[in-house]
Amino acid sequence: MKKLRVTRSAFLAFLMVFACVFLFASTASAAWEFGIGTGLSANNIDGKQGVHTNIVGPVKYDVQLDPQEFSDYTETAVGFGGYASDGTWLIQYSYGKIGLGGDDTVYLPIVDRYVSIDIGFDTTMAELTVAYPVYKSPAIRILADGGVRYLKHELSTDLYVTNSSGVLTNSASEDTDNDWTDAVIGAMVAVPFAERFAWNTRLNYGFGGSEGTYFASTGVSWRFHKHWSTGITGTYKAVDVKNGSKGDTDYYMYDADESSVGINVLFIF
């Protein structure tokens with residue numbers, strides 16, 4: 001089956017369409033409510049990454065970072081998200097960019113060489129979804145949602161190859177840039193409890209550009225003021241993306257479980 005590929009320009013055009021929706025909603029109806037915010041999180045990654053090198057061909061290695069290691073290797077991090085709702089329709093968006101840096105050494109027994117890798121790894125993520133309630137009651141609210149998710153990986157590597165005696169035999173610097181756009185379908189469940197508190201759970205699946213991505217989150221939110229809310233949320237993502245095949249010069253793969261626990265603050269207007 002041929003994969004669905006959505007170009008970056010198409011994705012940006014999609015964003016522009018919904019920007020127009022936001023502007024129209026804000027001027028046409030006072031019933032619309034908007035929120036935007038950011039937060040802090042502790043992150044964990046457990047998976048594998050592979051890339052083609054001009055020195056030794058394809059190289060695959062483990063990517064395993066606990067929250068402390070993730071923090072140690074983080075060089076840059078920025079992110080925000082928000083929503084717009086008229087009480088029925090719910091539009092949500094998010095954007096984040098994280099830059100990691102580190103090094104590792106792998107042994108290639110076929111050629112009896114050690115490859116030292118100094119890596120810079122930047123991840124850019126953006127998502128836009130629209131949700132509609134399929135069931136509402138005072139005790140629970142269930143929404144179906146769909147939209148698009150964009151993911152970009154920028155990988156820079158400095159490679160140093162040594163033999164078993166530790167003598168440098170080769171070196172090179174390489175850059176890899178890949179991006180994928182997925183269609184997203186999913187569901188959300190909101191359970192209000194106590195005054196101004198709610199338990200929110202979200203599940204979705206992305207397909208098209210990637211090999212398939214799964215996302216789940218759950219957490220508690222507290223609207224402590226008319227214009228402010230905060231919450232604690234746990235998230236899980238199973239990311240599986242690929243470009244080319246082993247032996248191809250454009251080969252790249254990333255297959256990992258990413259999880260986080262974070263606190264956020266949202267301004268509502």
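**View 1. A buried salt bridge between Glu-127 and Arg-149.** In this predicted model, Glu-127 and Arg-149 are both buried, that is, under 20% relative accessible area with a 1.4 Å probe and protein chains only, where exposed means over 50% and partly exposed lies in between. Their side chains meet in a salt bridge with an N to O distance of 2.8 Å, the term standing for a side-chain nitrogen of Lys or Arg within 4 Å of a carboxyl oxygen of Asp or Glu. Because Glu-127 lies in strand S5 and Arg-149 in strand S6, the pair ties together parts 22 residues apart in sequence; strands here are DSSP runs of E with at least two residues, numbered from the N terminus.

**View 2. The salt bridge of Lys-48 with Asp-62.** The closest N and O atoms of this pair are 2.5 Å apart. Lys-48 counts as partly exposed at 39% relative accessibility, and Asp-62 likewise counts as partly exposed, at 41%.

**View 3. The salt bridge of Glu-258 with Lys-237.** Glu-258 counts as buried at 17% relative accessibility, whereas Lys-237 is partly exposed at 23%.

**Notes.** Residues are numbered from 1 along each chain as its sequence is written, and side-chain values use heavy atoms, with hydrogens and water left out. Local features need pLDDT of at least 70 and side-chain atom pairs count only at pLDDT 80 or more, while totals for chains, interfaces and linings use all residues.

Definitions and conventions:
Helix = DSSP H or I, 4+ residues; strand = E, 2+ residues; numbered from the N terminus.
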